[in-house]
Amino acid sequence: MKFRRTAAAVALSLALSAVSHADAPARPIFSNPIQLPTEQGPLLADEGFIVVKENRGKADSRDILVNYLRFRSRGESGRDPLFVLPGGPGDLLDRRDFAKKHYPHSRIREALYRQTAHRDVVVVNQRGNFWALGNNGGFEASRPTPVPGNDETKEQATERWKQSIEQTFKTLTAGGVDLSGYDIVNMVEDVEDVRVALGYGKVIMSGISFGSQWGLSYMRVHPENVSRAMFSGVEPVDYGYDSPQALWGVLERIASSAEKSPIAAQLPKGGLIAAVKTVLARLEKAPATVEVKDPATGKAVTVTVRADDFRALLFSPWRGKALRDSPAMWPKFVTEVYNGDYRYVAARKLQGLFPFNGNVNLPLVDISLGITAKRDARLKKEPAVALIGDPNFFYRSWASVTPTKVVDDDFRNFYPIEIPTLLIQGDMDWSTPLDNVLDLGKHLQTGAVITVRTGTHIVGYELQEFQPELSEKIAAFIDLDTQTTLDAAAMLKSFPSEVSLPLQFEAPQSTALYDRL
């Protein structure tokens, strides 16, 4: 197959390769063999580190370590390995995940066991992720102390986090860290260095969320090294900044589904979307003052609930055992607040509503991806901005203190993807909304898009649970090289364009959310 490389990809490869991968010796690696347990049986793996340059654009850059985990094939050897790129930025997969009991870790282990039936599986963890093993210490910003009075605004929280992030960057820089190297460009080459060092030719690329964005970036620069790809929770390269209208569309789909469900009679008479608009208008006009027990201390406190506090919970109202619990609880959450019960919002405000955990590789990487001027102008004009505000407000604020270089539009723009690619997307995913995959899917030359109704951000694991036959067929696409009667194009055409999963909504008349904290 002939692969098309954009001018940006060629220029980027040349810029990064003062010494080319083809001519240079493989980067040093250090690894230890380990055995990791799964519910299906043990997996043999290598827990390793590769020595890479902190900033490949600088000749005198220091060396750093990037962590990887290679699971050995349980069957034959020599087939293209599956490369798995974690999301976030800030997610990872390492030995610690094999002791975790909470969802979806059992599904992750199940998938790894299935994927190693015929090939190695290699997880590359992110440089600059303070959770990852290696020299990532210090890449965590301290959580700011909230302003007194239990009435911190979104703007105040953004500014206080900005100050904490800036101080973290200053501390790291003073210690000799070159933060300009912690960008998407160097992360792409980390994957390439791992591929070369482990002696692989072509690879199968996969990832969820930011992992898909990372994988798509790799495919842009090194298309000749990818035999096929599979992504879910899809984030195109130019879609790190979310579309307000696409996010609003997720809420409309949840509302529509709930209004056709058995709980319909318990919902606001005008509909859930009208209820959301009513609550926003009410709180914009006059914030609510609520007395609740502080979940941390048990003491009674008074909290001011503002429209932005309600907005913050619209896209993640409930911390359940599974990610599906949040859209299942959404109609109840909206109905309670519409009926004047603000206690749950107040209690959650005390726990912290700001969508950031202090892992500074999120701004370093995401801001290096940036957004094209054309798409940015479109997002700012979308009607939903008037309802949910700008979901990218913190990126815009933090960009001025973030030292990573932003890639150019040619790197971010859509282009024809000739690599056989399967995309899987849930329509109730409010981290990477459905519009993402529908836009990207138009550019697949040999590909398929599966829309999963009621699927969330971890739709692949949900398919394992609710659609095991389809999940196995997706695994068979990964294992396409074990089949002799089917090619990639034919197999991709055989996938359904849409499937549905069951979702039971929580009844609004059940125990109040505040009383469940």
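Q: How many strands does the open sheet have, and in what order?
A: The model is a predicted one, in which local features need pLDDT of at least 70, side-chain atom pairs count only at pLDDT 80 or more, and totals for chains, interfaces and linings use all residues. Residues are numbered from 1 along each chain as its sequence is written, and side-chain values use heavy atoms, with hydrogens and water left out. The open sheet has 10 strands in the order β1-β2-β3-β5-β4-β6-β7-β10-β11-β12, and the pairing is mixed. Strands (E, at least two residues) and helices (H or I, at least four) are DSSP runs numbered from the N terminus, and two strands pair if DSSP finds at least two bridges between them.

Q: Which strands are at the edges?
A: They are β1 (29-36) and β12 (498-500), each of which pairs on one side only. From one strand to the next the twist averages 20 degrees.

Q: In which sense do β1 and β2 pair, parallel or antiparallel?
A: β1 and β2 (residues 43-53) are antiparallel, with 8 bridges. N32 stands opposite E47 in β2. The two strands form a hairpin with 6 residues between them, and G41 in the turn has a positive phi of about 145 degrees.

Q: And what about β7 and β10?
A: Strand β7 (residues 226-234) pairs with strand β10 (residues 421-426) in the parallel sense, over 4 bridges. Here M230 stands opposite L422 in β10.

Q: Moving to helices, at what angle do α6 and α7 pack?
A: Helix α6 (residues 244-258) and helix α7 (residues 272-285) pack at about 130 degrees, with axes 8 Å apart. Axes are lines fitted to C-alpha atoms, for helices over the stretch in contact, and angles run from 0 to 180 degrees between N-to-C directions. The two helices are therefore oblique to each other; angles under 35 degrees count as roughly parallel, over 145 as roughly antiparallel, 65 to 115 as roughly perpendicular and the rest as oblique.

Q: Which residues meet there?
A: W248, L251, E252, A255 and A258 in α6 meet L272, I273, V276 and K277 in α7, where contact means heavy atoms within 4.5 Å. These residues divide into 7 nonpolar, no polar and 2 charged. Ala, Val, Leu, Ile, Met, Phe, Trp, Tyr, Cys and Pro count as nonpolar, Asp, Glu, Lys and Arg as charged, and the others, Gly among them, as polar.

Q: How do α7 and α8 cross?
A: The axes of α7 and helix α8 (residues 307-314) come within 8 Å and cross at roughly 150 degrees. The pair is therefore roughly antiparallel. V276, V279, L280, L283 and E284 of α7 make the contact with A307, F310, R311 and L314 of α8.

Q: What is the phi of S209?
A: The phi of S209 is near 60 degrees, a positive value in a residue other than glycine. S209 lies in strand β6 (residues 203-209). Most residues other than glycine have a negative phi.
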